[in-house]
Amino acid sequence: MPEGANRKDRHIEICLDEPIEFRSGDGFAALRFDHDALPQVNKDDICLEATLFGKRLSAPLIIGAMTGGTPRAGEINRRLALAAERTGVGFALGSQRPMVEDPGRTPSFAVRAHAPGLRLLLGNIGAVQLNYGVGADEVNALIAAVECDAFNFHLNPLQEAIQPEGNTNFAGLLERLKEVTPLLSVPVLLKEVGAGISETTAAKIATLPVAGVETAGIGGTSWSAIESHRTSDPLQRSIGQRFAQWGVPTPESIVACRRAMPDRIVIASGGMRNGIEAAKALALGADAVAFALPMLKAAERSLDDAVQEIQRVIEELRTVMFLTGCPNVPQLRTRVLRSAADLTSLE
């Protein structure tokens, strides 16, 4: 099996078996909605529908980017895509770099073959690969091969710094993104993978011709921790564990991205675990919310479990909207979040 394939399956095993989540105490748990005991809405009439990249979703939810490139990853992607199709939410592929290295691994990403009714599909590759031989032609080939509606360039400097075979030449990457993005056939997002998009980074991204961002802040899966489990180098392992809590909390990242890009798409991810957190992310300014690890664990069990996990999040989100008197998602964005500690409203 190719080295990259071993890496992909090992990532899955670590995510399922090891303690790689960092549940930040200063994230969503520190925020609360005002409970409205007179909500003035009929729960059955609440509309969760949202439009993203011109695609109508049953709720502003996306199954976040995770995996691909091996038979095991292909089966997980198949289940996740089918679950997304059945529930009417979006689905983001894991890094398609294995397709560049070996086109024979394309079937593990070609989820439309299993779920032709998938409403929204996002492709994905590491932005740093633009400094390692990947250009617009290669990315457009990835887009065409999976028939995705939009494309993620993921930003993962911390993961690459810890990863045994990491690619750490991020020099000039902003300029490469400016060159390549206009040449692509679908809209582009930039996404972090667990350390978040800071105010500094958001300002840089705002200069690019991209449709928006995905925050992926700290608060959930730590790729620094994951890579520390893979390396045999004790120094790298120690550094990976040390930086497992490095980054920007997801709520802070949402606010920073929305301020820097008021008219572009902001997808919130990074430690999203339930519909209450999803509602808070939407209230902070996100257009949609992406869930990864809970969906991976559910899909590993079965397709039905993955469907039920999505349905749980949707019903929790609907319940928050009912208890805050919101007939639709845009109204949720008008609701005030307060500090759970001192009841001070967020600015």
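Rings of Phe, Tyr and Trp (for Trp, its six-membered ring) count as a pair if their centres lie within 6.5 Å. By that rule, this predicted model holds two aromatic pairs.

**Aromatic pairs**
- Phe151 and Phe153 have ring centres 5.4 Å apart and planes at 75°. Planes over 60 degrees apart count as edge-to-face, so this pair is edge-to-face.
- Phe151 and Phe153 are both buried.
- Phe243 and Trp246 form a tilted pair, because their planes stand at 50°. Their ring centres are 5.3 Å apart.
- Phe243 is partly exposed, at 29% relative accessibility.
- Trp246 has a relative accessible area of 54% and is exposed.

- Two bridges join strand 5 (residues 90-92) to strand 6 (residues 121-126) in the parallel sense.
- Phe91 stands opposite Leu121 of strand 6.

**Helix 12 and helix 13**
- Helix 12 (residues 293-301) packs against helix 13 (residues 303-323) at an angle of about 145°. The two axes are 7 Å apart.
- Helix 12 contributes Pro294, Met295, Ala298, Ala299 and Arg301 to the contact. From helix 13 come Asp305, Ala306, Glu309, Ile310 and Val313.
- This contact has seven nonpolar residues, three charged ones and no polar ones.

Terms used
Residues are numbered from 1 along each chain as its sequence is written. This is a predicted model: local features need pLDDT of at least 70, side-chain atom pairs count only at pLDDT 80 or more; totals for chains, interfaces and linings use all residues. Side-chain values use heavy atoms; hydrogens and water are left out. Rings of Phe, Tyr and Trp (its six-membered ring) pair if their centres lie within 6.5 Å; planes under 30 degrees apart count as stacked, over 60 as edge-to-face and the rest as tilted. Buried means under 20% relative accessible area, exposed over 50%, partly exposed in between (1.4 Å probe, protein chains only). Axes are lines fitted to C-alpha atoms, for helices over the stretch in contact, and angles run from 0 to 180 degrees between N-to-C directions. Helices (H or I, at least four residues) and strands (E, at least two) are DSSP runs, numbered from the N terminus. Contact means heavy atoms within 4.5 Å. Ala, Val, Leu, Ile, Met, Phe, Trp, Tyr, Cys and Pro count as nonpolar, Asp, Glu, Lys and Arg as charged, and the others, Gly among them, as polar. Two strands pair if DSSP finds at least two bridges between them.
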